[in-house]
Amino acid sequence: MSRIKEFNLPDLGEGLTEGEILAWLVKVGDVIELNQPIVEVETAKAAVEIPAKWAGQVQAIFHPEGSTVEVGTPIIAIDTDPGAGPIEESTTGAPASALPTPSAASLAAVEVAPAEGAVEPGLIGGPAPGGRTAVLVGYGPRNTAAKRRPRRGDTPVPAQPAAPVAPVAPASPAPLATAPSNGHGPTGGPVLAKPPVRKLAKDLGVDLSTLTGSGPLGSITREDVQRAASGTTAAAEPLAVSAPATAAASFGADREQRIPVKGVRKLTAENMSRSAFTAPHVTEFLTVDVTRAMKALDRLRNRREWRDVRVSPLLLVAKAVLLAVKRHPMVNSTWAGDEIVVKDYVNLGIAAATERGLIVPNIKDAGRLSLRELADAMTDLVQTAKAGKTSPADMSGGTLTITNVGVFGVDTGTPILPPGESAILAFGAVREMPWVHKGKVRPRQVTTLGLSFDHRIIDGELGSKFLRDIGDFLADPEAALLAWT
């Protein structure tokens, strides 16, 4: 059996089809141990450290930092028996230098992330936060099969044994005006360019066959096309041009920012599109006087045993939802084609806006928790999410979700259901507003709730009663607790 083993990018059990390599934690020549973290990968949900599947010595790294790699693609080669001496011949008689290397076509399909600083931090495609989560290789079941959309004109390219290529500084590309436009590059081989780059070239009227690429294995990048379109090369010196007194209107690709859709943003887009066009959504609204609830929170904060606990209006909303589910269990269910699955447990999701995008971790079996335990669980959940350390397991299995849009000063919204859930509640900002109280107009603390639900499962009556119960609890939590428990 060969000493050299290739380590493929694993499926981390969250429907992963690809991941971006954020940072290599080892380098060629390093001796590593079993389960030692070797690479940090940004998936659709989290930044994850992937441990080594074998102990040994790193022989080759196939993809540089910033590459987006499909699941199952080799990312590193490890010599599992470095003490056996130099590698001269493999068991098949092939030279030791013939380490498996991804084909030219597969390398050309690898998307290299923009340079650091090209996108502002916090935007999709920008720098990722420092939080990391260690998981085991192949953790959890896989939800969807990894698929790659076939590219027009692609033909299988057999992998040829070759020494692994270390990343080198890209050469300065220069347009070749005399190259024939026959779908081949200046060297006579096929033009290596991703579909978005080909589309950009078509839009700008640039012939790809006349360019020399600066990407992996000579693949043509977006920057190569834009330089060719502007009539400049990497080595060209900028020309001093006097600006006109009044600048004319200018618009075009040179003033557009193109942000790669990947990671959390890509997963969110897929989930929201699938949910919006699968589950028939209905949204109802309810405006509630929550003055008594806000006073109850103040009294709770002043109790000795609660002084170190983070108490917020969202805590009472979560408690209201959990109590309302007990009164209307059909709300906590899933549409399963020919049956409806009603769940006796509530994995309560709390939507959280992070630098990586929107994520929805959930509190497992939240209905069993006391109010104090629920407060602690929500605090841990939010802090972990903001630190970028939420694990894939914490973001799976949700049954019902709350999204707190009020923290952004928004009154309410029409939230889209997370896939597999039948209801989601939007909690709006709490504002002081004029309100009729005991026959007189007085300033009161008021909020608006928005409940979206799957109309296949929840009809108007059930949805209205569920929302009304949440509102009743928030209007007078003490009376609701006495009446319902």
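Glu305 and Arg303 meet through their side chains in a salt bridge, at 3.1 Å from N to O; a salt bridge here is a side-chain nitrogen of Lys or Arg within 4 Å of a carboxyl oxygen of Asp or Glu. The model is predicted, so local features need pLDDT of at least 70 and side-chain atom pairs count only at pLDDT 80 or more, while totals for chains, interfaces and linings use all residues. Residues are numbered from 1 along each chain as its sequence is written, and side-chain values use heavy atoms, with hydrogens and water left out.

**Salt bridges**

- By this rule, 16 salt bridges are counted.
- In the pair named above, Glu305 is partly exposed at 40% relative accessibility, and Arg303 is partly exposed at 45%. Buried means under 20% relative accessible area, exposed means over 50%, and partly exposed lies in between (1.4 Å probe, protein chains only).
- Arg258 and Glu256 form another salt bridge, with their closest N and O atoms 3.7 Å apart. Arg258 has a relative accessible area of 42% and is partly exposed; Glu256, at 46%, is partly exposed too.
- Asp454 and Arg456 are joined by a salt bridge of 2.8 Å, N to O. Asp454 is buried, at 2% relative accessible area, whereas Arg456 is partly exposed, at 31%.

**Nonpolar cores**

- A nonpolar core is a set of buried Ala, Val, Leu, Ile, Met, Phe, Trp, Tyr and Cys residues joined through side-chain atoms within 4.5 Å.
- The largest such core has 49 residues, and those touching the most other members are Val321, Leu348, Leu374, Phe466, Ile470 and Leu474.
- Helix H6, residues 313-327, gives the most to this core, with 11 residues. Helices (H or I, at least four residues) and strands (E, at least two) are DSSP runs, numbered from the N terminus.
- Ile470 is in contact (heavy atoms within 4.5 Å) with Ala320, Val321, Ala324, Leu425 and Leu449, leaving aside neighbours within four places in sequence.
- Another core, of 17 residues, lies apart from the largest one; its members include Ile21, Val39, Val41 and Ala52.

**Sheet**

- An open sheet of four strands runs in the order E1-E8-E6-E3, with antiparallel pairing. Two strands pair if DSSP finds at least two bridges between them.
- Strand E1 (4-8) and strand E3 (31-32) are the edge strands, each pairing on one side only.
- Five bridges link E1 with strand E8 (residues 74-79) in the antiparallel sense.
- Phe7 stands opposite Ile76 in E8.
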